[in-house]
Amino acid sequence: MKESSDGFVRADQIDLKSIDEQLERHLNKVLIIDKKKRTEEEDKQKQEWEIDTSKLIIKSVIARGTFGTVHRGVYDAQDVAVKLLDWGEEGQRTEAEVASLRAAFIQEVAVWHKLDHPNVTKFIGATMGSSELQIQTDNGLISMPSNVCCVVVEYLAGGTLKSYLIKNRRRKLAFKVVIQLALDLARGLSYLHSQKIVHRDVKTENMLLDKTRTVKIADFGVARVEASNPNDMTGETGTLGYMAPEVLNGNPYNRKCDVYSFGICLWETYCCDMPYPDLSFSEITSAVVRQNLRPEIPRCCPNSLAHVMKKCWDATPDKRPEMDEVVSMLEAIDTSKGGGMIPLDQQQGCLCFRKYRGP
């Protein structure tokens, strides 16, 4: 192909075949670069929380819930807990139910995978709808349906705080242990709030213990980023007995609902007992909101600890302290002289286990 003296090229001298080959080579190069770029972006996105299912071994069940099970497992040679979310067989749930479960799963992963604190259970990874999940049994491997999702977190051998308190219901805990457990939980919640995360289901059942009895917050299934406008956060979310009055009443709420729930957990940790065991849902809801019902603080409870409980479960959210203030109040409590719940055979009239309906 020759160029004329005036800079123009004659059409009949253009080598179309050569141009086609050049265009094809250029197009292939662009496609390869684009594919490589998309692959890199996908890999980068996967690295945020997607696990390599070939490295995951799922073993026996350690807990069961409404929408799935929690298993022991091993991931990349590390002991883990594997939360399997089962959306049921195709056709068992409506599209709206499946969409809601998917949204809850994505929300939990989105919240959990960014957290890093010694009092928050370590998130390892997750996978959404993988056909490669298998459970190891005595009879071999059982393949899971492709719509099952899983969240993989560190395995904590101490079980839940709730089960630990139940084991100690009769002999109670040393005051120093109560404060240590409470501080762990308070520090974890303070960290979450600093990250603009409201847990919304703070209860002893959602707190796990490691081998050294360190408390770690778990289960972020209903946690969410705190809205700048409280009116954007409404609806009954949480567990009966731990829910703040404003949540029970369907009013707007913020992170202070976690502070209220912490106050109930603090009482439960001190007493090794359940709040309102004999009341129904409607009775608790009505009494907490309208009659200012709270668990009775035993007379043998040190004033310093009783003060923290009362501050945390104040009926007015704005009057409740921030969690970092709670940490400071607990750190200031002197545990060197013992104190705490009096053994059963030494109570001498201490009404440690009765509850009342009053402020």
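Modeller: Buried means under 20% relative accessible area, exposed means over 50%, and partly exposed falls in between. Keep in mind that this is a predicted model.

Colleague: How do I apply that to a charged pair? Are arginine 320 and glutamate 246 buried or exposed?

Modeller: Both arginine 320 and glutamate 246 are buried. They also form a salt bridge, with the closest N and O atoms 2.8 Å apart. Arginine 320 sits in the loop between α8 (303-312) and α9, whereas glutamate 246 belongs to helix α5 (residues 245-248), so the bridge ties together parts 74 residues apart in sequence.

Colleague: What does another bridge from the loop between α8 and α9 look like?

Modeller: Take glutamate 322 and arginine 255, whose side chains meet in a salt bridge at 2.8 Å, N to O. Glutamate 322 is in the loop between α8 and α9, and arginine 255 is in the loop between α5 and α6 (256-271), so this pair ties together parts 67 residues apart in sequence. Apply the cut-offs again. Glutamate 322 has 22% relative accessibility, so it counts as partly exposed. Arginine 255, at 23%, is partly exposed too. Bridges can also share partners: Lys83, Glu108 and Asp219 are joined into one network that way.

Colleague: How many salt bridges does the structure hold?

Modeller: It holds 8. One of them joins the side chains of glutamate 331 and arginine 187, at 2.9 Å from N to O. Glutamate 331 is in helix α9 (residues 323-331) and arginine 187 is in helix α4, so read it as a link between distant parts of the chain, 144 residues apart. Glutamate 331 is partly exposed, because its relative accessible area is 46%. Arginine 187 is partly exposed as well, at 31%.

Colleague: Now the helix itself. How should I read the facing of its residues?

Modeller: Start with the general rule. An α-helix has 3.6 residues a turn, so residues three or four places apart point the same way. Then check the helix length. Helix α4 covers residues 175-194, 20 residues in total. From first C-alpha to last, α4 reaches 28 Å, close to the 28 Å expected at 1.5 Å a residue. Then count burial. In α4, 16 of the 20 residues are buried, so the rest of the structure largely encloses this helix.

Colleague: What follows α4?

Modeller: Lysine 196 follows α4, and its phi is positive, near 65 degrees. Then look at histidine 199, in the loop between β8 (197-198) and β9 (207-209). Its relative accessible area is 0%, so histidine 199 is buried.

Terms used: Residues numbered from 1 in each chain as written. Predicted model: local features only at pLDDT ≥ 70, side-chain atom pairs only at ≥ 80, totals over all residues. Heavy atoms only, no water. Helix = DSSP H or I, 4+ residues; strand = E, 2+ residues; numbered from the N terminus. Expected span 1.5 Å × (residues − 1). Buried < 20%, exposed > 50% of the residue type's maximum accessible area, 1.4 Å probe, protein only. Salt bridge = Lys/Arg side-chain N within 4 Å of Asp/Glu carboxyl O.
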